[in-house]
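Here are some friendly notes to read alongside the model. Please keep the viewer open and look up each part as you go.

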Amino acid sequence: MVAAGISVLTTILIVLSLAKETISFFSDVSIFDYLFGGKWTPQLAGDQASFGVVPLVTATLYITGIAMLVAVPLGLLAAIYLAEYAPTRVRKVVKPILEVLAGVPTIVFGFFALTFLTPEVLRPLFGTDVSQSNQLAGGLLVGLLVLPTIASIAEDALTSVPASLREGSFGLGASRLTTSLRVVLPAALSGVIAALVLGASRAIGETLVILLAAGSGQLLPGTVGSPTEPSGSMAAFIASTATGDAATGSIAYETIFAVGTTLFVICLTLNLISISLVNKYRQVYE
Amino acid sequence: MSTPAQMAGKAMQQTTVIPRRNPNDARKERGFAFLMYAAVAIAFISLAALMIQIASDGAGALSWNLLTNFPSKINPATSGVKSALYGTVYLMILTAIFVIPIGVGSAIYLEEYADRRRWFNRIIEVNIQNLASVPSVVYGLLGLAFVVRGPLSLERTLLAGAITLGLLVLPVVIIVAREAIRAVPPSIRDGSLALGATKWQTIWKQVLPGSMAGIATGVILALSRAIGETAPLIVIGAAVSPRFLPDGLNSEFTALPVQIFAFSKDSDPQFLQLASATIIVLMVLLLAMNSVAIYLRSRFEQKW
């Protein structure tokens, strides 16, 4: 039964393999310049290269922000519908479909943005100067990608609220709407927030959609934050730079590990928040 | 003068404590219902548009040649995905061989043996939850630094790809296997132990067969996640459009998602069409695996 140890071993390996290259990265670039530097041009040669990660993190959060603008309202409304309003028959059909959709490979979403959303929808709407890879398309599709995840987990949280709370609310004369929004939603709040945090963490770590639809993370000055321009994200930068060719010990090789560490720490923090929220809401009703 | 009955009615109206339904409530209720229907509709229409668009685009390029030809970088008409299809199937089999014993073993340990009061068992639990949501590209970095280079130094081989994907889906397999094992009621274990079976006999002859459907379903779903992953394979350096089949564990390889990525970076619209067709191949494979999982769940699910 040493098998369980493998999972701990995996974590240790992730941390070690990230840490080793990251440490040698920081022997070349000062940690202060990396964390607070405002210029991200790792692709340039020699002294021109600058490794300030702030713009890359900003670009990642900007795309995640667009994604959450799409996914949070749609996902929550769909979850409330499924948990509180939908007839059992509808729910039995829709829930498995949601779960299958959550398993569609992410490259499919990226490809759709590249070949349909940008040329067929965004360019007619916003003019032809919409770049082939742009942050709006990336954000919208990442939103669509995490929507089933958020809807499904939030629905689980809402369903686990005991029926007695609803019956009590109805018994006091509250309408279905009031019951859903003022009784059930607050009762499931920590679970619902955990779903949102998990969705955000998936959006931040999403690679292929952003790489295909929003850019590779080689930032040009002034593009981050303008929706029709390309930018990228931390994950997209890693995947586009690490094509297996970068030589061990080169600065490019070390950079992807430094960015990987940053991404890992951000996602780990979000996951720990989510886990502690879920544990909190479990304690209430079990 | 009013009749006694009317007077009684009036008195009742005055003493009633139940408030009248506010007419605004009905309007709000309808408004909210509209919002909910709109949300579900927008979600499903966009996802349906995605499927239909890719299906109609790729249908034209779908043929047996796609499955039996090697990829070509020059001529889209004779280009196929044979090497990627074989690569994906090999990866899936190798990942399963790697992940099933370790995943199920961990689940048995955590459910049947581990004492939750011990600190290291609690650490393992939190740790597995965390691993399940580490971005896949980070697993790619792990594969690159640890499996492809560094300690294992397997180079960019099929085995390295399978180990990387295996580590990626391991937490998912452990989580679903634990749920399946937990669903076997304690009375089954108690009955088996009371008849004189050892703990190991109880697990091997009672608990595992009872949870087999759940475990199989979970493993298939985890594997379908593994073969849809692109980022880790790109990071560890899967071959781009190879014109050969992997001939062993130490052979270079590619997989369907990586091939889709390679096609979709081409500016030639015919290659984009090939990418759509390859997506159809991948989705058919995934749907087939999902159907098997659903069939297993409904056919072998135990009602205790």
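1. Let us begin with a term: domain bounds come from an automatic or database domain assignment. For chain B, that assignment gives domain 1 (24-61) and domain 2 (64-300). The centres of domain 1 of chain B and domain 2 of chain B, taken over C-alpha atoms, are separated by 31 Å. Their contact takes 6 residues from domain 1 of chain B and 7 residues from domain 2 of chain B; here two residues are in contact if their C-beta atoms, placed from the backbone, lie within 7 Å. On the side of domain 1 of chain B that touches domain 2 of chain B, there are 3 nonpolar, 2 polar and 1 charged residues. In this scheme, Ala, Val, Leu, Ile, Met, Phe, Trp, Tyr, Cys and Pro count as nonpolar, Asp, Glu, Lys and Arg as charged, and the others, Gly among them, as polar.

2. A word on the model and its labels. This is a predicted model, where local features need pLDDT of at least 70 and side-chain atom pairs count only at pLDDT 80 or more, while totals for chains, interfaces and linings use all residues. Residues are numbered from 1 along each chain as its sequence is written, and chains are lettered from A and ligands numbered from 1 in the order in which they are written.

3. Now chain A as a whole. Chain A has 12 helices and 2 strands; these are DSSP runs numbered from the N terminus, with helices being H or I of at least four residues and strands E of at least two. Along the sequence, the pattern is α-α-β-β-α-α-α-α-α-α-α-α-α-α. The C-alpha atoms of chain A fill a box of roughly 75 × 55 × 30 Å along the principal axes. Among contacts in chain A between residues at least 6 apart in sequence, 72% join residues at least 24 apart.

4. How many of the 286 residues of chain A count as buried? The share is 51%, where a residue is buried if 20 or more other C-beta atoms lie within 10 Å of its own, exposed if 12 or fewer, and partly exposed in between. Met68(A) counts as buried because 21 other C-beta atoms lie within 10 Å. Leaving out residues up to four places away in sequence, Met68(A) touches Gly143(A), Ala200(A) and Ala203(A). The C-alpha atoms of Met68(A) and Gly199(A) are 8.1 Å apart, although 131 residues separate the two along the chain.

5. Next, the record. An unreviewed UniProt entry annotates "transmembrane region" at several places in chain A, including residues 61-85 and 179-200; such annotations may be inferred rather than shown by experiment. Residues 61-85 of chain A are 100% helix and 0% strand, with end C-alpha atoms 34 Å apart. For residues 179-200 of chain A, the span is 95% helix and 0% strand, and the end C-alpha atoms are 28 Å apart.

6. Finally, where the chains meet. The contact takes 60 residues from chain A and 67 residues from chain B. Which helix gives the most to the side of chain A that touches chain B? That is helix α1 (residues 3-28) of chain A, with 12 residues. By class, the side of chain A that touches chain B has 41 nonpolar, 16 polar and 3 charged residues.
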